[in-house]
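Welcome! Have the structure open beside you as you read, and let us walk through a few of its features together.

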Amino acid sequence: MSFADRLFQDRIKNGALCLVDHLGNRSCYGDGDQPIVVKLHKKRTLLHILRNPMLHLGECYMDGELDVQEGSLTDLLRLLRSNLTEYATSKQSPLLPWLTKLTQSWNTVQASLRNVSFHYNLDDLLYRGFLDDDMHYSCAYFERAHDTLESAQQAKCRHLMKKLCLKPGQRVLDIGSGWGSLAMYLAEHAEVEVTGVTLSSSQLRVANERAAERNLGNQVRFLLEDYREHKGQYDAVVSVGMFEHVGRRNYPVYFERVRDMLNDDGIAVIHTIGSAVEPTPTNPWIKRYIFPGGYIPSLSEVAQAIESKDLFICDLEVWRRHYAKTLSAWNERFQAIRNDVKEKQGERFCRLWEFYLCACQTAFEADSLVVFQLQLAHKNDVAPLTRDYLYAS
């Protein structure tokens, strides 16, 4: 019996997997009429992956050492998550969680600037190609099963606007403002003034260009600035898709800054990817190739940091599967522009990007990732006492 037989024969219970080695030999595991067929192009590819699955699977796919011949990459990752997660995580050192707490999140201002530039200062055409028309790079809110990505992103903005309980003329701080999409939505629909801070020079440029095109220069402003260095007082604070970059060690500082910049009767809403299980180290492939310095918080970690800064959690909402649908839509659009991206960035970049999108989609489908929306305030009575206001037309 081969090593692959010993590993897969008793573990593939949901679906079927067929491996074709570099000589064309085929080994199949599990049951099902439509197996996922994976071609391994080098003799030692499988052994290399199994030494550190969480890192090497993505690297081997990027480097063209394996291809999915039948089914899709998403199908493969979904099958592996549903059958082999326990094996993959067991390969980690037992010291890793402790070391993670010690070293995971040394996100100084300069380190944060480098980390953000690594991911967000890529070619604008890439992001314009796979995001919605308004360039929201965060989880959409699918109110109905057949919502388009555009309508789901607008629903997300509307939901956030209601949670902030805004009044015309108020001042809002958007921490991690991206390409300015949410800031401009709030300015147009709530008639407020929004200041957005970002560490991406590329995002800053595009946000300013878009604000000028929409004649919002008097209502929105965007700054290349770290949240720790920003000064000001605001009626509301919002942060969408940025908290994942804060780093575990900086949670107390982050919520201290939110508290200090939020007026006494103000509301803050923090929207972040979260883990539904106990604190877990960042996936090593994601950390190396996608989000250096990133860390996905468990609810226990966030709650502890909030409590230490005397903020009330007025509401906590958990979104399940919405990000999986968002990522699926992004990947579909990425595939439509893949040839154009390949001409500029090369095949390896395309494979990296599609592995990122598919791996994250399946993490929300079959693993422990969710989205947290935390509504915070200095007082426990500034937000409505029921959720009726969120769903009124």
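Where does Asp-174 lie? Asp-174 is part of strand S5. A word on the source before going further: this is a predicted model, with a mean pLDDT of 90 for the protein and 90% of the residues at 70 or more. Please take care with residues 91–104, over which pLDDT stays under 50; the model has 17 contacts beyond four places in sequence for this stretch.

Back to Asp-174, which is buried yet has no salt bridge. The nearest side chain of opposite charge belongs to Arg-210, 9.9 Å away. Not counting residues up to four places away in sequence, the residues that Asp-174 touches include Leu-182, Val-194, Thr-195, Val-238 and Ser-239.

Strand S5 (171–175) also takes part in the packing of helix H11. The buried residues of H11 (residues 251–261) are Tyr-251, Tyr-254, Phe-255, Arg-257, Val-258 and Met-261. Because these residues cover an arc of only 155° around the axis, they sit on the same side of H11. Besides S5, they pack against strands S8 (234–240), S9 (262–275) and S11 (369–377), and against helix H13 (299–307).

Now for the nonpolar cores. The largest has 69 residues, of which Phe-8, Tyr-137, Trp-285, Trp-353 and Tyr-356 touch the most other members. Helix H15 (residues 347–366) gives the most to this core, with 12 residues. A second, separate core of 27 residues includes Met-161, Leu-164, Leu-216 and Val-269. As for Trp-285, its contacts beyond four places in sequence include Met-54, Leu-55, Met-62, Leu-352 and Phe-355.

What about charged pairs? The count comes to 25 salt bridges, and three of them are shown here.

| Pair | Closest N to O distance |
|---|---|
| Arg-78 and Glu-365 | 2.8 Å |
| Glu-143 and Arg-144 | 3.9 Å |

Is Asp-147 buried or exposed? Asp-147 counts as buried because its relative accessible area is 14%, under the 20% cut-off. Arg-144, in contrast, is exposed at 53%, while Glu-143 is partly exposed at 39%.

Finally, a network of salt bridges links Asp-67, Arg-338, Lys-342, Glu-347, Arg-351 and Glu-354.

Definitions and conventions
Residues numbered from 1 in each chain as written. Predicted model: local features only at pLDDT ≥ 70, side-chain atom pairs only at ≥ 80, totals over all residues. Heavy atoms only, no water. Buried < 20%, exposed > 50% of the residue type's maximum accessible area, 1.4 Å probe, protein only. Helix = DSSP H or I, 4+ residues; strand = E, 2+ residues; numbered from the N terminus. Arc of directions from axis to C-beta. Contact = heavy atoms within 4.5 Å. Core = buried A, V, L, I, M, F, W, Y, C linked by side-chain atoms within 4.5 Å. pLDDT = per-residue confidence, 0-100. Lys, Arg positive; Asp, Glu negative; His and termini not counted. Salt bridge = Lys/Arg side-chain N within 4 Å of Asp/Glu carboxyl O.
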